[in-house]
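Please open the model in your viewer and keep the sequence panel beside it, as the tour moves from one selection to the next.

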Amino acid sequence: MTDTDGRGAPSSAAVARLRLVIARLYRQLAQASGDDLNLTYAQLSALARIHEHGPLRIGELAAHEQVAAPSLTRTVAPLVAAGLVTKQPDPADGRSWLVSIAPEGAQVLSRIRRTRSELLARRMARLDDDQLDALLAALPALEQLLTDPQPEEPPVEAAAQQGRP
């Protein structure tokens, strides 16, 4: 039995249930890896992006994070002050700055990821074989959810209200 709306789409109850599970699991992972720095979600995300793509300009980081550059400047400033990120003039453009992860930032990021992975591994170890198989089989579908952050089309009801088929 599937939890669909009769047209093959997931029911609103199933969507809400998945959203709630993901949000609560993320919150538990974040709380388990809490550190003395009390990094915000935005700061941790920026730190991870800098680690993955750096060194890069604030504008490039903002594009990766899908936020405005001034907002990212405010997010990165505490990371620089805490010694997690370094900031140096861009040799190609003296008006711009490049941000890079500092060794301490890489250590913090590694510790947070390790703590979260350990918690998740302990939780997964409690699943029976069928549940674990189902969870692992769902990974490609969950990863697919990450690939398109923008909706392609408005829902059918909204399109109809706008006079579109």
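Two strands are taken to pair if DSSP finds at least two bridges between them. With that in mind, and remembering that this is a predicted model, begin by selecting E2 (residues 85–90) together with strand E3 (residues 93–101), to which E2 is joined by 6 bridges in an antiparallel arrangement. The two strands form a hairpin, with 2 residues between them.

Is Asp90 buried or exposed? Its relative accessibility is 7%, and because buried means under 20%, Asp90 counts as buried.

Next, move to the loop between helix H2 (41–53) and strand E1 (56–57), where Pro55 is found. Display the backbone here and check the peptide bond from Gly54 to Pro55, which is cis, with omega near -5°.

The last stop is the loop between helix H3 (58–65) and helix H4 (69–81), which holds Gln66. Although Gln66 is not a glycine, its phi is positive, at about 60°. With a surface shown, note also that Gln66 has a relative accessible area of 55% and is therefore exposed, the cut-off for exposed being over 50%.

Conventions
Residues numbered from 1 in each chain as written. Predicted model: local features only at pLDDT ≥ 70, side-chain atom pairs only at ≥ 80, totals over all residues. Heavy atoms only, no water. Helix = DSSP H or I, 4+ residues; strand = E, 2+ residues; numbered from the N terminus. Buried < 20%, exposed > 50% of the residue type's maximum accessible area, 1.4 Å probe, protein only.
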